[in-house]
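Keep the backbone in view as you read.

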Amino acid sequence: MSLSPDFSKKDINKNIDRLINEGYEVARKASDGDSWESVISLLDEFEFRFERECSVNSHLNSVMFDEKFNQEYEKTLPKISKFYSNISTNKELFNAHKRVLDTNLTQQQTHIVHEAIKGFQLSGIDLDPDKQEEVKKIQEKLAVLSNSFSNNSLKSTNEWKKSVSKADLPGYSEDQLSKIRKKDGSFEITLQMPVYLDLMTFCENQTLREEVYKAYISRASEIGLTSKKYDNTKIMDEILKLRLKLANLLGFNNYAELSIASKMVESPNQVIDFLDLLINKSRSQALNEFQELESFAGCKINPWDFAFYSEKLKEKKYGFKKSDLTPYFPEENVLNGLFSLIKELYEILLKEIKEDSYHQDVKVFDLVKNNESIGRVYIDLYARENKRGGAWMSDYQPLTEKNKPVAFVVCNLNKPTQDKPAMFEFDEIVTIFHEFGHALHHLLTKVEYPCASGISGVPWDGVELPSQYMEFFAYDQEVIKKISSHYLTGESLPDELYQKIIDSKNFQSAIQMLRQCEFALWDIKTHMSSKDTYEILNEVRQKTSIIPPINENRFLNTFGHIFSGGYAAGYFSYKWAEVLAADAFYYVNQSGSINKDLTYSFKENILEVGGSLDFMTQYKKFRGGEPELKSVLLSNGIQ
Ligand SMILES: [Zn+2]
């Protein structure tokens, strides 16, 4: 079978309709089955084709956006979600899974069937029909509410605008000014992230910073600096109430317990202990970092002063600007250096394939082992007008008996110009390594069951391990030698600049650590209780806050990860996976250089097994024991 996706945007609704009908037919057949082949394999074979279709549609909608296609694409979404919710509450299919569990299975197969059964249970399969109906209704309501939450956030962000003159913006560079210049020569400040960040970081006008900060931090609330029309307060209360009710119906004490039932950690209290420990270890250093900032600024630091003085302090302390590094990192060297690292770590070659995909900028590489292609990656690096912002990896197809895995890696970086190659900032290189970590997780899999192959079936708090693990390699001096080559002189990054990257890596890291822990601790606690959510935030802040928040602070009212994304009672996953990634990296690097046998063991125990075995057991197998918290503190420079 082919490794090349079909990028023609033809009849997508017709195809999805046809596949969904087929899916119901397959589910009906599988419901009569009683063996791995007649139930799981049958569903998996369908899932493979269905997911592939969905994946290419979603990819094209993200990277080649056009109105007409988007309209078609949006029509497919409710059909797909309804299909999955019907499948996950299909009692006959559930019973068929239970029959499979009684047959003779391998360890991987047993794990896969167990996880599938758990999925049915978490969808309410064991409940009486009227309660099951209630669960479905709550889920539908939650879907609508989270969509309203996100629309309100967006509208409230977009609505606020302020016209200013150049004289209001001392500290801005020409580049920054050009981003907000209007046709009539005035400048428009909005609450869009890049505009907001520039203002907070570079604008010397403190009064303007204060005004914009207050508008930003109180969006979608009752405060009224942006329109009260988009107040999310009631929606948030309703969402939290419904989540609690849902958890109770499914037999849990609270929503945090429900969320954790499908994650690696064992209980909400384990999460709280974990976060408390990180907070306790970071607090005194964070206070020192803040003191350093205050004495540098020579005045009291308000929330709207923080980014401004931090940037100035950083420049003074380390004596370099980001742009000093960029000429050393032209695209070709970055990619070739990364590929040579992958070859060293995993004995895999990346070989460029000439193929017309969906855009001329896309580069296509086959992964080759022992002269045989084992998978393919489509790399789409440059920013384009019709491309969604950010960076991500998505899987197109998993490994099966007859198919090789294929992944998409997408970034939004500078293009080459007529006289210069594309060159990347160091942060962007770290991002490329991160996304390649995800891609390797997907592509190096040895599991031939689509539901557990590559990144499929990996618990939420484990997915970011391979990506964050890969980030560490971007800071290794040997690796930086490989990926850097000055675009004019060919010189690799001088030791002195390398040292500056390392020294500045952990600037204010303890303050950042407290901030992330504050979000995560509030998130888990608010999903364990029915108390007012801002009251819980205030309690958490007793431990985490460095600058007292102002009265207008309503940042929860636009916290999309929790109220409209998938991170509810799961925000801690970022930190959890970071601990594993740091622990894994220090383990393979314990003698001061990368130990090849150990990186190989990471590949065998983590990357190759995907979601086919218990994630934590596999981790301990690689590590020879429990992960240690000290590595993440060390990597953040926290003593
Ligand atoms: Zn990631």
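Where is A220 found? A220 sits in the loop between α9 and α10 (233-249). Helices here are DSSP runs of H or I with at least four residues, strands are runs of E with at least two, and both are numbered from the N terminus. The model is predicted: local features need pLDDT of at least 70, side-chain atom pairs count only at pLDDT 80 or more, and totals for chains, interfaces and linings use all residues. Residues are numbered from 1 along each chain as its sequence is written, and side-chain values use heavy atoms, leaving out hydrogens and water.

Most residues other than glycine have a negative phi. A220 is not a glycine, yet its phi is positive, about 55 degrees. A220 is also buried, at 0% relative accessible area. Buried means under 20% relative accessible area, with a 1.4 Å probe and protein chains only.

A569 has a positive phi too, about 50 degrees, and is not a glycine. A569 lies in the loop between α21 (560-563) and α22 (573-588). Its relative accessibility is 0%, so A569 counts as buried.

Now take helix α8 (residues 193-202). Its buried residues are V195, Y196, D198, L199, M200 and T201. They pack against α7 (174-180), β2 (187-190), α9 (206-217) and α13 (306-318). A contact means heavy atoms within 4.5 Å.

Step back to the whole protein. It has 25 helices and seven strands. Of its 639 residues, 54% count as buried. Its C-alpha trace spans about 75 × 60 × 55 Å along the principal axes.

How values were computed: Buried < 20%, exposed > 50% of the residue type's maximum accessible area, 1.4 Å probe, protein only.
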